[in-house]
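Subject: Structure handover

Hello,

Please find the structure below. My notes on the domains and the ligand follow it.

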Amino acid sequence: MTVLENVSLKEFNTFGVDAKASLFTSVNNQLELQKALKDPRFKNPFLIGGGSNLLFVNSISHPVIHINIGGIQIIDENDDSVIVSVGAGVKWHDLVMWALKNNYAGIENLALIPGNTGTAPIQNIGAYGAELKDVFYNLIAVSLEDYSTHIFDENDCEFGYRDSKFKNEWMHQYAITTVRLLLQKNNHFVNTQYGDIEKILAQKNISNPSIYDVAEAVMEIRKNKLPDPKVLGNSGSFFKNPIVSKEKIDALLQEHSNLPHYEFTNEFYKIPAGWLIEKSGLKGHREGNVGMHAQQALVLVNYGNATGKELWEFAQKVQYTVQQKFDITLDPEVNIIE
Ligand SMILES: Cc1cc2nc3c(=O)[nH]c(=O)nc-3n(C[C@H](O)[C@H](O)[C@H](O)COP(=O)(O)OP(=O)(O)OC[C@H]3O[C@@H](n4cnc5c(N)ncnc54)[C@H](O)[C@@H]3O)c2cc1C
């Protein structure tokens with residue numbers, strides 16, 4: 001096991017924050033992970049995957065374990081479907097491309113989401129009308145406490161909107177090592193309902209799209225819409241879209257008749273956080289090295305060498321301003337590591 005000291009995590013987070021880890025190691029399989037966990041120097045570790053959903057506010061006092069477990073394997077199949085077992089360190093988008101190459105359906109709408117497969121269940125990644133939970137079979141996780149191995153299914157994980165038990169009760173308790181997904185070989189359900197997918201397909205005169213066509217459309221939309229973290233440090237949507245009651249929506253509509261809102265469940269509605277930020281006058285607002293992106297109000301951006309502290313203080317100002325204007329609390333989607 002190679003252990004490094006005083007390592008910069010700049011390359012390990014898409015915000016590009018130069019936080020330091022006092023101790024760092026990278027593990028390539030479950031045995032290496034268990035070995036690291038048993039090492040007293042790595043007690044109470046902080047786990048890192050692709051670093052695309054993290055904001056390091058300060059340097060990390062915990063030892064850092066980078067989960068770099070590879071491998072994509074079919075472990076079961078019938079005429080209609082396959083169960084694919086994926087190492088936690090496999091890049092999510094590489095998995096999407098692998099599935100497309102094999103004509104396995106279910107994750108094409110989730111193309112180009114940054115980060116690793118092992119982290120995808122943590123916030124139940126979602127985009128363009130699809131969520132990880134739609135194809136989830138189960139996962140393997142190692143307890144950080146006693147290094148035991150567990151298999152958790154969908155019920156265990158308690159998936160919700162950008163949420164799971166790993167963000168709540170199980171936070172910092174397990175390291176996910178393998179994720180298994182159930183993908184469809186035939187009779188693909190092609191979901192073109194969301195965003196501009198249909199518009200792009202129409203522009204290309206595609207009337208009977210394949211899963212590959214859908215993935216291409218999603219990639220095109222995402223490339224035009226979201227800033228590339230390699231060019232401009234960011235972590236995608238910084239806040240979750242808030243979910244409010246019907247009474248709250250009715251009250252807001254009195255004042256803002258054009259308020260966009262979508263039914264979430266019977267009594268609750270989702271409001272686009274980007275709209276609230278824009279209407280609070282913060283879209284494109286910049287203070288020094290940090291700001292909300294000019295085209296995507298929901299994306300917090302590191303324009304230069306911003307520190308984690310600067311980014312978090314700015315995000316808190318955004319929360320405060322939206323709270324004052326709309327009496328709505330914006331919760332971060334990104335994991336704030338203080
Ligand atoms: C440009 C951009 C666009 C994005 N678009 C979307 C989108 O459309 N939809 C969406 O849902 N998300 C989106 N995201 C967020 C991000 O891609 C996802 O949340 C992704 O799943 C994070 O994966 P990661 O490997 O980078 O996680 P990391 O940032 O490395 O880690 C996230 C959390 O998981 C913990 N962790 C890391 N590895 C493990 C492990 N193996 N076991 C247990 N805990 C672990 C970490 O300690 C941390 O708390 C976007 C991000 C960016 C930068």
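Domain bounds here come from an automatic or database domain assignment. On that basis the protein splits into domain 1 (4-67), domain 2 (72-225) and domain 3 (233-337). This is a predicted model, in which local features need pLDDT of at least 70 and side-chain atom pairs count only at pLDDT 80 or more, while totals for chains, interfaces and linings use all residues. Residues are numbered from 1 along each chain as its sequence is written, and side-chain values use heavy atoms, with hydrogens and water left out.

Domains 1 and 3

Between domain 1 and domain 3, the C-alpha centres are 29 Å apart. Their contact (heavy atoms within 4.5 Å) takes 14 residues from domain 1 and 18 residues from domain 3. The buried area (accessible area, 1.4 Å probe, that two parts lose on being put together, summed over both) is about 1300 Å², with carbon and sulfur atoms giving 57%. On the domain 1 side, F15, L55 and V57 lose the most area to domain 3, together 52% of what that side buries.

Ligand

There are 34 residues around the ligand (a heavy atom within 4 Å), and L47, G50, S52, P114 and T119 come nearest. Polar contacts (pairs of N or O atoms within 3.5 Å) to ligand oxygen atoms include a backbone N or O atom of G50 at 2.7 Å, a polar backbone atom of G51 at 2.8 Å and a side-chain N or O atom of Q123 at 2.8 Å. Of the 990 Å² of accessible area (Shrake-Rupley method, 1.4 Å probe) that the ligand has on its own, the protein covers 94%.

Regards

Terms used:
A polar contact is a pair of N or O atoms within 3.5 Å; within protein, one must be able to donate a hydrogen and the other to accept it, and residues adjacent in sequence count only if both atoms are side-chain atoms.
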